[in-house]
Amino acid sequence: MPYFITGDCNGCTACAKQCPVLAIDGTPKERYVINIRRCVSCGVCGRICPKGAVLDGHGSLCRSVPRSQWQKPVVDTKICSACGICVTWCRAEALRISLPSFHGDIHVFAELYEPNKCVSCGLCEENCPVGAIHLSEVRA
Amino acid sequence: MRTPVYAIIDLNTRTSERYEIEESMYRKYIGGKMLGARLLYDLTPAGIDPLGPDAVVIINTSPANGTGAPCSSRFNMTFKNVLTGGIASSNCGGQFGVLMKRAGYDGIILRGQSDMPCVISIVDKQITITDAGELWGKDTEETQQAFPKIYGKLVIGPAGEHLVRYAAAVSGERVAGRCGAGAVLGAKKIKAIVAYGTQRPQIHNKKKFAKYVSKWVKFLRNHPMTGEALPNYGSAGLVSKANATNALPTHNFKYGHFKDANAVSGETLADTRLLRNSSCISCPIRCERRVSVDGKDVKGPEYETCGFFGPNIDCISMESLLRLNYQCDLLGLDTISLASTLAFAMELKENGVADFDVSFGNSENLTEIVERIAVREGKYSDLANGSKWLSEKYGGKEYAMHSKGLELASYEPRSSVGMGLGYATSNRGGCHLNGGYLALLESVGVLSMNALSTSAKPAFTAFFQNALEAISASGFCLFSAQSFVPAILFKLGPHHRVTRAVGKIATHLGFGVRALLWMLPILRFNTVYLFPHAETLRLITGLPFYTGSFVRLGERGYNMERLYNFREGLTGKDDSLPDRLTKTPQDANNPKTVVRLDQMLPVYYKIRAWDETGAPRKRTLRKLGIKA
């Protein structure tokens, strides 16, 4: 079920900037709209909205969460086959396939190399075909 | 059951409409190249011009695309072959297919011809056609950079715009190269097609599918071929193997061995130039090479490029090979056809027939000449028409290395005669993948069947053509099938007596394989060691696919493509190879080193249940459920 932006929206653009699938559109300082065809219900908009103006798929209001408490993907390097599906879903470009550790190294895997960019949308976890990625709390 | 949804895009009126595939057709042809062939057969009349306004281009995906199954990001382009006039199916591993499926369409059918250069965008099920404007004329990299990074793109370069007959369409850094995919898009004046969306593909049995995918990925990663050889050396690693067995085309297929081949081998590439390996989306094999060209991190060459821009033109410069490979990607050219045409032009000059300023052993001016071919400048315009056209104009048919018009791939068939039969009978022309890829069993793999014997080759060729057809149509990369040779043989090595014995036995297994082909309906089992694709397809679609019915599916596709070829005027006489391969022995002291097509073709036709002229019999078609 797609998310919905209520009339409380003041057009701060925070959600549109972070949406991992570019589903939110509008003009600044006016109410933004979520493209229901594209929304993947990841909840990033709800978490980031400072005005509490986002309803989730069930119609309940989303609570904003401080960015430091967002979950981050953790990759099980033993299972990961470096197929790159997570990297193609990650619009924030927080994930990448690791560089070989020596010349001719073929044992590479997905890694979170820009944790600050990660918006914790969970698309990597959801689309990993071998279940090598899990979102978890980051200890400070 | 959810059947595939296609969109018919009419470029004359710039409109699009939804087109649902009937369930019966979906069950029979599944998707990809097979469904493409059926649709092309139904939607076009016979004898159209492949670059004309009536031509139809089908770009479609398969059930497995985007599901996350290993090696499943491949999409397919089907159209009337620019070089042969028969069927063309060009397969590409770029992002476009996956994102088109996420955008809500399993395929698009392009009709008509735009009068202005245009861009088609498929975003969230909405199709819009806009003018290309300044994009027209730009190379493939610049064109792709004009669109958002997360979009899937399929673009053509200057070569496609100028209707070079072997121009390629490029998606990301992967290329739908063969048969002139870029030329047909260029003729329709489509500069780019972009897609984006977030829909998920449907999977019939999600839980079992996830489990099976994990199992398959583990198997691929532990197999010596897909887990070690391909990631380490890519397909370029085959150069040294082919050279050792005299199967590396040298001097325009005159010889099969090049003394300096090591300079352009995959091992040398890995030691000196390789930055890292990479992959298409969802592929655990990771055979793509990343190399540095002029300080830029670009895609490295495949085996065909190494062989053709190296030994086949007597050059050993890795530097120029990498640069040419990158340049071809930028211009949107098929490296196989281009390099083979250049080699033919070099031999024309050697024989004093025509001079295109190219000569064997000299790769310095090639960069400049390739640039001119791409824009069809002056006399180089002739080279843009492929070697068949050249040989008809200037002569030299016996050494124009093509079959039906499409240039042969980089395996010398006189040292792997099964591959020769594959080239000759392949539906899209001289293609190794559509031809059964027997070179893997004869000359470049760990197994070594007797490469000069014609025994068992027709049966193996028919079997593998069917199997590869089905794998391709269900959306998987053919490299995922390279793991079917048991891992134990790799561990023992090619010279161990067990491996040699298996190779020898295989040479006499013709009747076994024929029996297998006959028994297909009762092979109701699936194993990860043979065709894991069948089980994966079963879990995705919910249709009863087993090893037997899966190969049978490929047989139906192969006959369908053949039917299209025959309707377009190709005949059994076109199942041929240049005289150099069938009449001149590769080794003057060994008269066996020729491709004896006259011996193999009748047996092959018999196995395929085609008549003596090579046409599919009515009974065969009825048995396979193909309506002519």
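This is a predicted model: local features need pLDDT of at least 70, side-chain atom pairs count only at pLDDT 80 or more; totals for chains, interfaces and linings use all residues.
Residues are numbered from 1 along each chain as its sequence is written, chains are lettered from A and ligands numbered from 1 in the order in which they are written, and side-chain values use heavy atoms, with hydrogens and water left out.

**Stop 1: the interface**

Show both chains and select the residues in contact (heavy atoms within 4.5 Å): 35 come from chain B and 31 from chain A. The area buried between the two chains is about 2,400 Å², and carbon and sulfur atoms give 52% of that. Buried area here is the accessible area (1.4 Å probe) that two parts lose on being put together, summed over both.

Now pick B:Lys149 and A:Glu93, whose side chains meet in a salt bridge at 3.3 Å, N to O. A salt bridge is a side-chain nitrogen of Lys or Arg within 4 Å of a carboxyl oxygen of Asp or Glu, and the count between chain B and chain A is three.

On the side of chain B that touches chain A, α7 (206-222), α8 (224-233), α10 (266-273) and β13 (274-278) each supply at least two residues. α7(B) gives the most, with five residues.

**Stop 2: two loops with positive phi**

Most residues other than glycine have a negative phi. Select B:Ile30, in the loop between α1 (23-29) and α2 (32-43) of chain B: its phi is near 60°, a positive value. B:Ile30 is buried, with a relative accessible area of 2%; buried means under 20%, exposed over 50%, partly exposed in between (1.4 Å probe, protein chains only).

Then move to B:Asp124, in the loop between β7 (118-123) and β8 (126-131) of chain B. B:Asp124 has a positive phi of about 50° and is buried, at 8% relative accessible area.

**Stop 3: a hairpin**

Finish with β1 (5-10) and β2 (15-20) of chain B, which run antiparallel and are joined by six bridges; strands pair if DSSP finds at least two bridges between them. Find B:Val5 and, opposite, B:Glu20 in β2(B). The two strands form a hairpin with four residues between them, and B:Arg14 in the turn has a positive phi of about 60°.
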